[in-house]
Amino acid sequence: MGTLELNQPGKTVLMLGNEAIARGAIEAGVDFCAAYPGTPSTEIPESLARVAERFNIYVEWSTNEIVALEVATAASIAGLRALVAMKQPGVNVCADFLMAINLTGTNGGLVLVAADDPRAMSSVNEQDSRNYARHADLPLLEPADCQEAKDMTRWAFELSEKLGLPCILRTVTRLSHSRRNVKLGDLPQKKRTARFKGVYICRDQDLLVAQHATLHQKLERAWEEFEASQFNFYAGPGKAKFVIVTSGSGWLYSREAVGALGLQDKVGILKIGTTWPLPEKFIVAHLKNVTEILVVEEVDPFLEQNIKIMLAEQAKTLGPIEVYGAKSGHLPAYGEMTQDKVAHALTSIKGLKPRVRDKKYVEKVKELALAYIPPRVPTFCTGCPHRASLWVIKSALKLDGRDGFVTGDIGCSSIGTGLTGYFQVKTVHCMGGGIGLATGFGKLDRFAFDQPVIAICGDSTFYHAAIPALINARVHNSNVLMVVLDNGGTAMTGFQPHPGSGFDVLGQPAPTVEIDNICRGIGVEVRVRDPFEISQAVQDLYDMLQESGPRVMVFRRRCFRIEAKEKLQKKYFVDQTKCIGDDCGCARFCSRVFNCPGIVWDQQAQRAMIDEVACTGCGVCATLCPIGAILVRGAAS
Amino acid sequence: MTLEKDPLNLIIAGVGGQGNILASQIVATAGIKEGLYVTVSETYGASQRGGPVMSHVRFSAKAQCGPLIPEGEADVIVGLEPIEALRIIGDYGNPKTRVIVSPRPIYPISVLAGQAKYPPVEEVVQKLVGVVAEVRVVKAIEEGETGLAANVVMVGALAGSGMLPIKINNFEESLREIVSPRDLDLNLRAFRKGVELAGGKAAVLAPVKPTRKRVIRVDNRLNQ
């Protein structure tokens, strides 16, 4: 039995941050979960799906984040407890609906988990979603470790129900993707039934203003709740003049930095878990004798600015307090927080000697790293159909010769910006952004614009965000060629199903919505090709480039990682008697140009060679080798 | 329980797809069984696709640690791949760091394409020896093997090395919890192979003092 369903209150287990959030929801008796996959949030719905039957939870991968929030809100309105989880740009996608349900209010507990990604380790932006809490006047909780992630999630449902408002829980990559000790709570006996009652309309002008006033009253109530919250506490000496005010991941970085510098007797730490609205009385009580504070948080100076407003309002009580943080330049308002950064801020404010690594040692090891470590850049996996698709696109654009270019999108295909995609992709912004941009480029002909434009996007992205732009291209007859790289799943985040997959989050059969049917319905020409049939695909793509108006090419081949689970693959090898190495004139096409990690340049033999450990047996290289030296093992040649 | 060094900082480094996450999960669960506070921080997402990956694993008898190890403060490094071990030393190593490394390279694209050279593995190991307190080379993958469960062999080597204050049976219990029953036998065998390769068989009850001596066991038939 997994830790998620363990009914042993008080037992300590190792839990991933996202599992802890899921467990908190289970302990709160969550009934409904909707989400779109996105790092670092994906494991939350996946965890709930694993125990969906046992705890009678409905879980779905929604088409996109705003749909996820809408369907989850329906559950809340019907009196159920619902959770939505998303990565940071997903909060932007659902913001339109969020800015309406704050006014109409909700019923059953509704928790929105916003998973931010400081340092953009797997994101296209660095966003601080906490700003949405202030923007939408919604209560905000920031867990500092896995235990709090569980306990706060559980509490967030109660809070949401009490206030009749969605509650935002903000996590970050280093929490969602860290594993730590978690002491389990009890599991609920839940027996909720769903029923619609009441009115949820934000439309009427006078009513809206009244709703807005009510929203502010609800936030006042949240503020009262927060004053007594166990998630806010002070740690440190009784009469510290210098206090670190911190939230979320900043708490442990701060505590360790203070400890490492031996400042435990001089510096106190005020840890705030409920960061909007701020628990003002609690904070004021702990800043009475303080003259300096340092604010530690990730990423924007959200807490810092709100604290400064509070200090201005409390100037009579507190007197002047010097505030250090992002504005003072002691900590960056970008990138990831670390213990080292907090320590650096402390030593520079206090005029202490900074802790540094032995300079000579660092020079030596850094030099070694430079001399010995060849660069390791992310690449399409061995056997990835996108490698072939981008090769086809590159070849067709070259044949066309009009300086055409590719607008890109989110997901595995975005790796196509680099070497492994032959540097074909020239723009990447957000889900669906590539086709929208391309549709604009496709209307510039009256300004002497004559470059062909190809918009690529993955299949999951197509459903998520590309359809409105494609409709736009159709009704305005934009000159755009869209290439959908259909690999049969949401690959980048771990192969979650989408509307074309034919199964749901629990693996149960589901109806499919075909991409080519959608295109036909919109009224655009669509062709479906296998990108591994390279010469045919190049010819067809070239032909489509010569046409005008909106057109769609679907390159359909299942992600090899999905495929490999289902069948035994063929073993390929390079016949080194046939490969003639550098005499071929192919410029080491398979290993150097096509660039698949499954093909190695054999230095000794000066011939290509298949790395049988890495090779997935996709066989596309065999169709590309100019002299047919790549063969299937055991097959008649 | 007290630790001689608290927190004790471990980094498991490798390349996406080597099973870094499972390795750190086994080690961390064993740490919790030992009654310690454990924090694991993992890199994944885009790094899954052939990029360098590492897990920071931190043990403390006193309190929960932050997710990241400060620069230069790794006590133990497990390299699932030789140059990845060297890469970690650059940011997190110090002269007292101890290293367990698998000598089997995973070639970056630039090397596969013949555009960059992968340094001879013996040389990488020699360089490692020059900058840390101890290096143990553990040949987790034999010639011709695919590297299946090599991550678990390396966890076994870590357990057997006695560098962590965690008893071997706690590692095995953690394997039983985490690995699916179907793969348990294979993984237990891999784990025990690692324990033997590291030279330790008995359960280690107390934290081990850092060794001054450098133990190097480089197999001559290393696959380069």
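Student: In what order do the elements of chain B run from the N terminus on?
Tutor: In this predicted model, the elements of chain B run β-α-β-β-β-α-β-α-α-β-α-α-α from the N terminus on, where helices are DSSP runs of H or I with at least four residues and strands are runs of E with at least two. Local features need pLDDT of at least 70, side-chain atom pairs count only at pLDDT 80 or more, and totals for chains, interfaces and linings use all residues.

Student: How many helices and strands does chain B have?
Tutor: Chain B has seven helices and six strands.

Student: And what percentage of chain B is buried?
Tutor: Buried residues, those with 20 or more other C-beta atoms (placed from the backbone) within 10 Å of their own, make up 60% of the 224 residues in chain B.

Student: Switching to chain A, at what angle do α3 and α4 pack?
Tutor: Helix α3 (residues 65-77) and helix α4 (residues 88-104) of chain A pack at an angle of about 35 degrees, with their axes 7 Å apart; the axes are lines fitted to C-alpha atoms over the stretch in contact, and angles run from 0 to 180 degrees between N-to-C directions.

Student: Which residues make that contact?
Tutor: Among them are A:Ile66, A:Leu69 and A:Thr73 of α3(A), together with A:Val93, A:Phe97 and A:Ile101 of α4(A), with contact meaning that C-beta atoms, placed from the backbone, lie within 7 Å.

Student: What separates the centres of domain 1 and domain 4 of chain A?
Tutor: Taken over C-alpha atoms, the centres are separated by 50 Å; the domain assignment, automatic or from a database, gives domain 1 as 3-191 + 198-227 and domain 4 as 572-632.

Terms used
Residues numbered from 1 in each chain as written. Chains lettered and ligands numbered in written order. Contact = placed C-beta atoms within 7 Å. Buried ≥ 20, exposed ≤ 12 C-beta atoms within 10 Å, placed from the backbone.
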